[in-house]
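Morning, everyone. Please look at the picture first.

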Amino acid sequence: MAKCWHLLLSNSWLLGFDRAMGREPQQVSYTVEQLVSVNPYNPDILTELENYVNEQVSSQTYSLDANLCLLRLYQFDPTRLSIAIVVRILIKALMAMPAPDFSLCLFLIPEPVQADEQIKTLIVLSHYLETARFRQFWDEAAKNHSLLEVVPANVDGYIANHLGLVSIKEELNNVEMTVIQLSYGHFSGAGFEQAIQAYAIHVLSLSYQKVPRPVLAETINIEGLSLDKFIEYHVANSGWVLEKGTGRSQLIVLPRNEFNHPGLKKNSSDGMPFEHITRIFPVLS
Amino acid sequence: MANSYDYDDASFDSRYARPPSSGQGGGAAAELIYDPNFVPDSVKTFVVHLYRHIREKNVYEIHQMYEGSFQRLSDRMFRENPWPSVEAIAPYVDNDHVFCLLYREMWFRHVYARLAPTGQQRVESWDNYCSLFGVVLHGVVSMQLPNQWLWDMVDEFVYQFQSYCQYRAKLKNKTEEELQLLRQYDQAWNVYGVLNYLQALVEKSAIVDILEREKDGLEQFTATDGYDYEGGTSNVLKMLGYYSMIGLLRVHCLLGDYHTGLKCLGPIDISQQGVYMIVIGSHISIIYHYGFANLMLRRYVEAIREFNKILLYILKYKQYHQKSPQYDQILKKNEQMYALLAICLSLCPQSNIIEENVNIQLRDKYNEKMTKMLRYDDEAYAVYDELFTYACPKFITPSAPVLEESLINYNQDAYRLQLKLFLYEVKQQQSLSGLRSFLKLYSAISIGKLAAYMEVDESTMRTILLAYKHKMHSVDSDGKIIPNADIDFYISEDIIHVVESKPTKHYGDYFLRQVLKFEEMISELDRVKLD
């Protein structure tokens, strides 16, 4: 019985491959990304990929390819599947919205595993986000705080979102304190929160030229003073403009783009890459 | 729900519409008459000539024999029996190791196509592929083979893998003997092996580099159809590498990993002419899987565009393939792609993006069903279910079966998961169809009024509007946002302003193709000498 395919996996084959390609055989260890692109169908890299998921969570990075590779390996050998890791992959995928990464991961997760309580919760959260039911989403997310706590905050982003807290504290105590010391307790889950807020703003930017303040508030789950500071930050950095709407309501004018301003729609779809035109040069000459 | 889904290809290969006349029990009876060591004269001549043509690198003759003689002999003499065993014909071909591997590959393919392969035969076929690919990967092959044959090898390899996964997932009625075989040969057709062989072929052939260098004009590949007319170096590894990229796309689709599948196809530019178009089977396979993957990724316009092009192509050229053994498969994939096109257009209606002839065919087959799907009631989901089931790839469960516990059939699990997730997506888009029909009637309307018409409150109305925007804008592989809808809008405080997008016909592309086509015609005419 030919077990020759095993040879394809061993390092010696990789070394032999290097030699065959005329390269000096590398004794270096391959990075995870390299492994995923060069040798992805290899059960031996499973542990490394799991560690990589944890690394992505703690260091605010993300790699869809590596995570899909791991989910595939779980599919090939279901005995090695770790629910905890799958949950983390799904949370990271949710944070990647509007990209369809969450669905892509679900396609690879067997039905019995999807029946797990935590994963069911994440599917519900994804459903709310996909159908733009932001109010229901934030309600449900609040109820499942511990599940989402695995993702630590992005400190700078947090400062941007909650400048209000910092400045108030400074006034009261007249002491210079860093945000970290003041509000460490609020950090857990804030990385996730920010990612979803970014998605929410993305959808609003696709749809609205001018969005009423209450709508913005509900979509990103920020109210009152924090919302004021949030808007202030984006007015200063993202080109938002404040306007008076009908009645005494506040309107936020979002930056113009091709999706909320028909005039800006580029008719680039009939453009062609230059290489294609070069193919008829011999004809034209 | 899954009644029409026929996974049971143990009875016959659904790719060929000729079931064995001997039926299920025919195998045992036929064996009494079949003598694997008897070599009829016609077979003797066949192998001797084929062997000679291969040694002389006469690709044209090889192709004639491979497509023509092999099919004719199979039709005439081997309708119900396998060809003579490789041991019997080996003496006529100098016991050439590589030729024997090639013969065996054709032998097994014949068994799969016309008979029902036994568990033992499935395992032996895997063994043969390992040896054959092993030889090719070691770079010791010097022959040139027709592209059709090389494509068939990869196509068949993936097909037999898919078939084996189905076979070993149906444990309920297996005999003890069959179960013992599964236990003993647990490495046969394992998913790691299959993927690693395809990957190895891609890498060892350096096909990605070749395609890159070709763009800079440093390599002749597409221009010579992959052959080396002057140097005579082997095209086998190169072409197997090329076709393996399509093989990888296909396997990943079978696993449900659409993103990686598309990535594997990356080096092939389907917007341009290429080697993938030479063999119609590879052309159809690429577009079918590419379109399906894009459908699952919600890139509806991209899927529609590609389906449209290939369906038009098939409409024009299928008459030339009527005699070929792939004809039935071409027709089957054609029908499946119309079904997928119907699904795409129901989820994401477009105007004027389909060629007229294709549209006529589509309306002919699916007009009623498409109207039903747009209604989003219970009947609509049944139609989506039906079409998806008919048109989807035969998804597989790649893990090895657990043979100690209760023996059940789980071959439909993978399909059921993909179907469920697809219908879930359809359900999420339920309100969008209603919204679209209202938007078509207005150039501007207040949120309040529209909410009243759609019988929802204002807050829900805003939610539906946002959901429409999100679902109708897909994210491509580079992270760019691509609009898909033909009806769009923007909201200013409380007023919705409707924007109808003009369909973009790719005139530039069209003219380019026509210019090149006419240039070719002119130069051909120039070559004609009139006496």
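Start with the strands of chain A. Strand β1(A) pairs with strand β3 of chain A, residues 250-253, in the antiparallel sense, over three bridges. A word on terms. Strands pair when DSSP finds at least two bridges between them. Strands (E, at least two residues) and helices (H or I, at least four residues) are DSSP runs, numbered from the N terminus.

Before we go on, the ground rules. This is a predicted model: local features need pLDDT of at least 70, side-chain atom pairs count only at pLDDT 80 or more, and totals for chains, interfaces and linings use all residues. Residues are numbered from 1 along each chain as its sequence is written, chains are lettered from A and ligands numbered from 1 in the order in which they are written, and side-chain values use heavy atoms, with hydrogens and water left out.

Back to β3(A). Opposite V253(A) in β3(A) stands K210(A). β3(A) also pairs with β2(A): four bridges, antiparallel. There, L242(A) stands opposite I252(A). β2(A) and β3(A) make a hairpin with five residues between the strands. G247(A) in that hairpin takes a positive phi, near 75°.

Keep your eye on K210(A). Which side chain meets that of K210(A) in a salt bridge? The side chain of E243(A), at 3.2 Å, N to O. The pair links distant parts of the chain, 33 residues apart: E243(A) is in strand β2 (residues 241-244), K210(A) in strand β1. By the rule, a salt bridge puts a side-chain nitrogen of Lys or Arg within 4 Å of a carboxyl oxygen of Asp or Glu. Why does such pairing happen? Side chains of opposite charge can pair when their charged atoms come close. Over all chains, the structure holds 32 salt bridges.

Now two backbone details in chain A. M97(A) and P98(A) are joined by a cis peptide bond, with omega about 10°. P98(A) sits in the loop between α6 (83-95) and α7 (101-106). Next, N221(A) has a phi near 65°, a positive value in a residue other than glycine. The loop for N221(A) runs between α16 (213-220) and α17 (224-237).

On to the strands of chain B. β4(B) and β5(B) pair in the antiparallel sense over six bridges. I487(B) has E500(B) in β5(B) as its bridge partner. These two strands form a hairpin with two residues between them, and E493(B) in the turn has a positive phi of about 55°. β5(B), residues 495-500, also pairs with β1(B), residues 444-446, antiparallel, over three bridges. I445(B) stands opposite I496(B) there.

So where do strands of the two chains meet? Two bridges join β1 of chain A (residues 208-212) to β4 of chain B (residues 487-492), and these strands run parallel. Here is K210(A) again: it stands opposite S492(B) in β4(B).

Now the whole interface. In contact (heavy atoms within 4.5 Å) are 76 residues of chain A and 75 residues of chain B. The size of an interface is often given as the accessible area lost when the parts come together. Here the two chains bury about 6,600 Å² between them, 64% of it on carbon and sulfur atoms. That buried area uses a 1.4 Å probe and is summed over both parts.

How many salt bridges does the rule find across the interface of chain A and chain B? Five. In a salt bridge between the chains, the side chains of D65(A) and K263(B) meet at 2.8 Å, N to O. Helix α5 of chain A, residues 64-76, gives the largest share of the side of chain A that touches chain B: seven residues.

That's the tour. Thanks, everyone.
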